[in-house]
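Dear colleague,

I am passing a structure on to you, and below it you will find my notes on what was found in it. Please read them alongside the coordinates.

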Amino acid sequence: MTIVDLNKKYDGKKVVNSVSFEIPKGKVLSLIGPNGAGKSTVMGMISRLIAKDSGVIHFEDKDLAKWKSKELAKKLAILTQHNNIQMKLTVRELVAFGRFPYSGNRLTKEDNEMIDKAIAYMELQEYEDCFIDELSGGQRQRAYIAMVIAQDTEYVLLDEPTNNLDIYHASNMMRTVRRLCDELGKTVILVLHEINYAAFYSDYVCALVNGKIAKFGTVEEVINKETLAEIYKVDFEIIYVDGKPLSVFY
Amino acid sequence: MGTLLLIISIWSLFVGVIDIDISALLSSGEGMELKIFLFSRIPRLLAILCTGVGMSVAGLIMQQLCMNKFVSPSTGATIQSAQFGILLSLVFVPGIGLWGRVLLAFGLSILGTWIFVWFVQKIQFKNTVLVPLIGIMFGNVLGGITSFIAYKFEVTQQLSTYFVGSFSLIIKGNYELVWLAVPLVIIAFIFANYFNIVGMGKDFSQNLGVNYKLVLFLGLTIAAMITASVVTIVGQISYIGLIIPNIVALFKGDKIRGTLIDTALLGALFVLGCDVIARSVIMPYELPIELIVGIIGSLLFIAMLIYKLNHGKKAIRLRKAKEGTCCE
């Protein structure tokens, strides 16, 4: 997937300013940056939730705008934090919606197997018949990921998946993201607030500031003293854990 | 529930001012009993069933699409818009006939519901109670305009039959329009999963390749059409669309595929029960069903609110859930 010269204005203010980059296949890419940098807007445009003002997104040799919604839903899944959480659906019913782009109303035997697998992958078997509005935040997030797994897409976009989760659940979520990539071969694109989650769990990092790309590269290229200080305007110390750069700031 | 509905349905056929028993019905052939049966009792029963099914399903759809448990035809300005349409037909095109009146009621109720939902989505209320409040206010404004014009043109008497729901005037030949609820409910059943997905939110729908706006408009149109057909034939019946889907959801959750039939059956049962009561309390006269529905409905609604206050969002499980899970 290649993004070329993406622009977006809100009320005359440029929130995304000629952003271009390529999404490496089969890797985890994190979008980071201060508040208002345009991370979520870029993500929204990639998933077609937000209409872009100009620019082109090439997806599998075809303009993303020309994809049919149903077909795109089999290739690219997006999970945001704006879902209705009052809905009384069981975990299984929710995961089953992942098969909707394939089978519509009627679930085949194959679909049910996919659903079983997705639920087992996220270790949700015992919660399968629980209503999602009665689950904890971490469990609910896992149920949504299980739905995305059942959707069986090559690309997975996650908008702030660690939001509202405590440290335990957030780091679990990030490990799951890693597994999605390493075990299931998916390309995962994340919007993250936590620099260290991005540093530890992703392959590439794209740092945005004021709607522009400040730095795009491998974790080592972005997560270093100079670059971070430039992006966040705060002094950073970098320490290495497990061979990965982690930032310390105060 | 189906069986219970069947039993009460049959029993209700024999409740009325003139006593009819089965043996007389079968033996007399073409007597008066049979006529009453065919021209009044059976049409009345069918109208009741269609009303119950239609209004509760309309409420279910509206609640799902608006993501709000308190939205229904009566709290979403749908009923008042339909009445406004009827008024317009009475005042400005009196000779338009039943079908014209119905079309106007359809058009206005669809329009009114759309405006309400558009408004609610534009403002994005954080508090769920505000949404139905806005709907009730909007409905009251429309109702006020309707009453004003009705007084001006002296059609209040004619209009009153559309305000207070009652099945007493239903006879063969003037009620068939409510049958429209049946195909509309079937369409709703076919699109049930779409409504569920849209009810999960805009992003969720986009992810699964579902056209959010199209489904939203389609669903609201179906709900408004069902409501308008009931209002034109029977009159206003509130509460059903509000409480029946909530009661069913309390037991069975929100997956429409799984709850639509139960919602429809319970709705029919509820209206039928209320009608039998309305017919029996002051025999040989009868009360408008709106009165009975209002009393029982509000009591049920308060009971439900108290239950939710005490138990939070926990569902009532009919089957015992697996042990050691969150459902316990």
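Domain bounds here come from an automatic or database domain assignment. This is a predicted model, in which local features need pLDDT of at least 70 and side-chain atom pairs count only at pLDDT 80 or more, while totals for chains, interfaces and linings use all residues. Residues are numbered from 1 along each chain as its sequence is written, and chains are lettered from A in the order in which they are written.

In chain A, the assignment gives domain 1 (1-75 + 154-164 + 175-250) and domain 2 (83-152), and the C-alpha centres of these two domains of chain A lie 26 Å apart. Their contact (C-beta atoms, placed from the backbone, within 7 Å) takes seven residues from domain 1 of chain A and six residues from domain 2 of chain A.

Between the chains, the contact takes 25 residues from chain B and 30 residues from chain A. On the side of chain B that touches chain A, α9 (192-199) and α10 (202-207) of chain B each supply at least two residues, and the largest share, four residues, comes from α10(B). Helices are DSSP runs of H or I, at least four residues, numbered from the N terminus.

Within chain B, the axes of α4 (residues 78-92) and α11 (residues 212-233) come within 9 Å and cross at roughly 55°, where axes are lines fitted to C-alpha atoms over the stretch in contact and angles run from 0 to 180 degrees between N-to-C directions. α4(B) and α11(B) are therefore oblique to each other, since angles under 35 degrees count as roughly parallel, over 145 as roughly antiparallel, 65 to 115 as roughly perpendicular and the rest as oblique.

Best regards

How values were computed
Two residues are in contact if their C-beta atoms, placed from the backbone, lie within 7 Å.
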